[in-house]
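Student: I would like to learn how to read the packing inside a protein model. Could we go through it together, step by step?

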Amino acid sequence: MYGLALEGGGVRGAFHMGAYKALLEEGYEFGGVTGTSIGALNGAIIAQGDFEAGYKLWESMDTPLLFDIEEEQYRKLIDRKIDRELLFKLAARMGEILENKGIDTSKMRQVLENIINEEKLRKSNTDFGLVTVSITDLKPLELYKEDIPEGKMIDYLMASASFPGFKLNPIGDKYYIDGAFYDNCPINLLARKGYKDIIAVRTLGLGIVQHVRYQSVKVTNIFPSEDLGSPLDFNRDLIIHNLQLGYYDTMKLLKRLRGSKYYIIPEDEDKVFEIFRSLPDMLVRELGKLFNTKKMPVKRMLFESIIPEITDLLGLKAISEYQDILIGLLEFLAEESGVERFRIYSVEEFMKEIKSQMEGKSRIHIKRPVSKGKKSLNTRLAYILKRKSRLGKAAKIIFDAINS
């Protein structure tokens with residue numbers, strides 16, 4: 001059985017649910033789930049067996065559902081520069097935090113009360129644990145569900161997610177704050193229970209992540225391929241985007257898909273090499289002119305000069321496989337022509353979709369370098385646009401040759 005650790009990160013937690021959906025579809029089973037902050041909330045939903053209800057909750061999530069606060073005030077909190085330095089400063093001033101009334105989280109609690117069934121969670125065969133920090137005692141708490149007093153599960157879930165700026169509510173005579181101040185991705189809680197294979201769904205949220213203290217544990221990290229946005233920005237479009245990103249980024253890892261932005265089924269490397277090798281001499285010379293390549297035999301020009309130049313323009317490593325180079329060129333065209341991102345493609349399907357989208361547009365527009373403005377800035381911008389223009393032209397030449 002696998003263990004599942006969910007990193008904190010506010011609204012970035014939508015990524016967890018997309019990732020878990022992919023893991024379920026691929027047949028993964030989890031004996032234990034741990035989380036911090038939003039990871040604890042999502043983890044509790046998963047551990048009690050209500051993932052589908054939790055996923056639907058995320059699909060309907062927005063600010064008014066969770067916080068009793070005017071949009072303008074909420075935006076001020078979102079726009080505040082909350083970074084790692086600020087978190088450490090707050091940690092050093094816990095006493096002052098107690099005086100902060102903060103944002104009322106009673107609506108958030110109500111949402112939890114509607115979806116978290118403490119009895120169901122406790123009776124579940126799935127282990128569950130969370131992290132919070134006691135301000136009163138100035139110490140972290142790493143708690144399994146059996147460590148939490150009866151009737152206090154939601155209190156401790158709220159404590160784990162008590163982000164700076166939220167109103168602090170005591171449990172008994174003690175105050176608690178977000179577990180990110182101690183361990184934002186509680187892998188060790190699972191390792192302590194004996195789990196050897198752990199999948200950690202990361203959000204790259206602000207907070208401290210403890211070093212894994214158990215050498216025999218294998219940890220597979222699922223990282224987002226792009227920034228997930230502000231941890232407090234409950235924008236519906238962003239949430240839906242992050243749900244999809246979690247699903248497809250996880251599928252990319254599990255199925256070893258290729259692509260930097262799109263999700264492409266691997267192709268036979270010899271087949272892709274043959275695509276490049278079979279490019280007509282006339283087109284190779286055209287590419288040579290585009291890149292100001294020195295005169296040499298056509299095949300040498302292609303493999304010793306043109307392909308390395310394209311590889312550099314794509315930002316790939318010199319040792320990249322030919323299929324990564326081809327997919328990089330196709331991704332450039334796909335993004336420029338508006339091909340749907342969240343779908344798994346074969347290379348052939350990807351090319352057909354690009355062709356379909358390109359036929360619906362007059363042409364792919366590559367911005368030309370400009371010559372106005374400050375010299376240093378303009379020179380750099382012109383250089384970037386020139387590289388992009390060359391890449392676009394090369395991609396189009398090769399794409400047309402493949403589809404001819």
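Student: How many residues does the largest nonpolar core have, and which residues have the most contacts inside it?

Tutor: As a general idea, nonpolar side chains in soluble globular proteins tend to be buried together. In this model, which is predicted, the largest nonpolar core has 61 residues, and L4, W58 and L157 are those with the most contacts inside it. A second, separate core has 39 residues, with V272, L287, L330 and F350 among them.

Student: Which residues does L4 touch, leaving aside those up to four places away in sequence?

Tutor: With those neighbours left out, L4 touches Y20, L23, F30, G32, V33, T34, I46, L190, I199 and V201.

Student: Are the residues of helix α10 buried or exposed?

Tutor: In α10, the buried residues are M153, I154, D155, Y156, L157, M158, A159 and S160. Because eight of the eight residues of this helix (residues 153-160) are buried, α10 is largely enclosed by the rest of the structure.

Student: At what angle do helix α1 and helix α12 pack, and how far apart are their axes?

Tutor: Two packed helices are described by the angle between their axes and by the distance between the axes. Here α1 (residues 14-25) packs against α12 (residues 236-255) at an angle of about 40°, and their axes are 7 Å apart. That angle makes α1 oblique to α12, and the crossing of the two helices is right-handed. Sorted by class, the contact of α1 with α12 has 12 nonpolar, four polar and three charged residues.

Methods
Residues are numbered from 1 along each chain as its sequence is written. This is a predicted model: local features need pLDDT of at least 70, side-chain atom pairs count only at pLDDT 80 or more; totals for chains, interfaces and linings use all residues. Side-chain values use heavy atoms; hydrogens and water are left out. Axes are lines fitted to C-alpha atoms, for helices over the stretch in contact, and angles run from 0 to 180 degrees between N-to-C directions. Helices (H or I, at least four residues) and strands (E, at least two) are DSSP runs, numbered from the N terminus. Angles under 35 degrees count as roughly parallel, over 145 as roughly antiparallel, 65 to 115 as roughly perpendicular and the rest as oblique. A crossing is left-handed if the near helix is turned anticlockwise from the far one by less than a right angle, and right-handed if clockwise. Ala, Val, Leu, Ile, Met, Phe, Trp, Tyr, Cys and Pro count as nonpolar, Asp, Glu, Lys and Arg as charged, and the others, Gly among them, as polar. A nonpolar core is a set of buried Ala, Val, Leu, Ile, Met, Phe, Trp, Tyr and Cys residues joined through side-chain atoms within 4.5 Å. Buried means under 20% relative accessible area, exposed over 50%, partly exposed in between (1.4 Å probe, protein chains only). Contact means heavy atoms within 4.5 Å.
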